[in-house]
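This briefing goes through selected features of one model, grouped by topic. Please keep the sequence and the coordinates at hand while reading.

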Amino acid sequence: MNGGAALPRLTEALEQGLEQGRHLGAVACVDRGGSGGIVAVAVGEARPDQPLTPGTPMLWMSTTKPITAMAIAWLWERGDVELDAPVARYVPEFAQRDKGGILVKHLLTHTAGLRPSPFRYPDDDWATIVEKVCAMRVEQGWAVGSDAGYHVHSTWFILGEIVRRVSGTALPTFVRSEFFEPLGMTRSWIGMSDRGYEQDGELVSPVYDTSGAEPIEQPFTQRAWLTGTRPGGNGVGPLSELVAFYRALLDTLDRRRSSPWTTTTVQRFVRRERRDTYDKTFQHVMDWGLGIMVNSARHGRETLPYDFGPAASDDAFGHGGYQSSVVFADPVRDLVVAVAFNGFPGELAHQSRMKGALRAIEDDLATLGAEASELAQDAGGAR
């Protein structure tokens with residue numbers, strides 16, 4: 001469906017950001033399930049003189065994290081990984097410097113106390129990064145499993161290493177074969193293959209620092225960044241394919257389709273695992289699933305970073321990406337929403353921009369719902 005016609009308020013909000021210089025372009029996809037279908041809208045440019053379209057591959061940033069989490073879920077479902085097991089059971093060298101008590105679930109709930117990134121990506125290769133994270137100490141005064149603070153990169157490499165050692169397959173190949181290809185996500189990657197880069201690498205929309213007078217292109221679409229593997233941050237693909245991933249999770253919850261996971265597994269990973277905990281990174285009380293953000297609006301939506309909009313149910317789950325994106329699924333409303341901008345305008349400006357976009361989506365959905373109700377009443381009267 002023509003997104004501009006179906007989502008006029010959202011289109012206006014995205015275009016307003018263009019005028020304010022907060023981004024060069026933006027894409028949004030809304031999947032209403034059932035007969036509602038998918039609506040996509042794109043505005044602006046991927047780069048100068050290259051229009052951004054709904055099919056343009058986008059950087060997912062930290063919205064990548066739930067995919068890595070669901071790789072662990074796949075292994076847990078088969079009994080190959082235990083959430084309450086020490087990480088060192090699967091990566092023995094991780095136990096050094098008194099980290100033997102850190103459990104797999106602590107990595108997924110951001111309670112391990114290993115927030116710094118003691119490596120240089122993509123200059124360091126995978127083995128070097130894993131070695132450096134294994135050599136880390138827990139932050140001073142951190143109560144593992146109780147204290148919480150969003151871990152941007154470090155522990156996600158260890159989760160990827162668990163996948164590699166337990167499955168015998170590197171994370172990029174694992175997610176492609178087990179998730180992306182079965183779900184039709186043929187242009188999606190966490191670590192592009194050389195062939196994938198040759199096909200799509202130069203089509204990926206760059207991201208820009210738009211916090212100053214002129215946009216400055218960031219290095220995240222350089223070949224080394226895209227073809228390396230950053231399990232918490234370098235997923236890439238059309239936004240519609242990321243929506244397809246979340247649609248599979250929703251449909252699995254409702255037992256409407258077969259997928260890489262069982263209903264029980266999806267339920268286990270998207271429910272609240274961490275409750276009412278102050279997040280030392282975001283500086284806000286937040287709840288969390290297993291590697292997946294859950295709606296924390298109950299703790300104050302107006303000040304909450306990376307929320308899911310004013311009408312999201314308490315059961316909504318998903319993730320945000322650094323100053324750029326959010327994707328969430330709402331099982332109560334059978335809804336998947338994804339929004340991505342290619343500009344980093346600063347944290348406060350981004351939060352304002354995203355809240356405005358999500359509010360506009362809800363207004364457009366209310367209009368679409370009213371129109372559908374009127375059509376149904378007209379059809380009933382015509383009988």
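This is a predicted model: local features need pLDDT of at least 70, side-chain atom pairs count only at pLDDT 80 or more; totals for chains, interfaces and linings use all residues.

How do the residues of the lining of the largest pocket divide into nonpolar, polar and charged? They divide into 8 nonpolar, 7 polar and 2 charged residues.

**Largest pocket**
- The largest pocket has a volume of about 340 Å³, and its lining is made up of 17 residues.
- Nearest the centre of this pocket lie Met61, Ser62, Val152, His153 and Tyr322.

**Helix α7**
- Helix α7, which spans residues 171-180, is largely enclosed by the rest of the structure, because 7 of its 10 residues are buried.
- The buried residues of α7 are Leu171, Pro172, Phe174, Val175, Arg176, Phe179 and Phe180.
- The elements that cover these buried residues include the strands β4 (57-61) and β5 (189-190), together with the helices α3 (65-77), α6 (154-167) and α10 (239-253).

**Asn234 and its surroundings**
- Asn234 is found in the loop that runs between α9 (223-227) and β8 (235-238), and its relative accessibility is 3%, so it counts as buried, the cut-off being under 20%.
- The side chain of Asn234 reaches two backbone atoms: a polar atom of this side chain lies 2.9 Å from the backbone oxygen of Gly228, and the side chain also reaches the backbone nitrogen of Arg230 at 2.8 Å.
- When neighbours within four places in sequence are left aside, the residues in contact with Asn234 include Met61, Thr64, Tyr121, Trp189, Ile190, Gly191, Trp225 and Leu226; Met61 is also among the residues that lie nearest the centre of the largest pocket.

**Sheet β4-β8-β5**
- Three strands, in the order β4-β8-β5, form an open sheet with antiparallel pairing.
- The edges of this sheet are taken by β4 and β5, each of which has a single partner strand, so that one side of each is left without a neighbour in the sheet.
- The antiparallel pairing of β5 with β8 runs over 2 bridges, and Trp189 stands opposite Val236 in β8.

**Sheet β7-β6-β15**
- A further open sheet has 3 strands in the order β7-β6-β15, and its pairing is mixed.
- β7 (216-217) and β15 (343-344) are the edge strands, each of them pairing on one side only.
- Strand β6 (residues 208-209) pairs with β15 in the parallel sense over 2 bridges, and the bridge partner of Asp209 in β15 is Phe344.

Note on methods. Residues are numbered from 1 along each chain as its sequence is written. Side-chain values use heavy atoms; hydrogens and water are left out. Buried means under 20% relative accessible area, exposed over 50%, partly exposed in between (1.4 Å probe, protein chains only). Helices (H or I, at least four residues) and strands (E, at least two) are DSSP runs, numbered from the N terminus. Contact means heavy atoms within 4.5 Å. A polar contact is a pair of N or O atoms within 3.5 Å; within protein, one must be able to donate a hydrogen and the other to accept it, and residues adjacent in sequence count only if both atoms are side-chain atoms. On a 1 Å grid over the protein atoms alone, a cavity is a set of points where a 1.4 Å probe fits but cannot get out, and a pocket is an open set with protein on both sides within 12 Å along at least five of seven lines; lining residues have an atom within 4 Å of a point. Grid points are joined across faces, edges and corners, and a volume is the space filled by probe spheres set on the points. Ala, Val, Leu, Ile, Met, Phe, Trp, Tyr, Cys and Pro count as nonpolar, Asp, Glu, Lys and Arg as charged, and the others, Gly among them, as polar. Two strands pair if DSSP finds at least two bridges between them.
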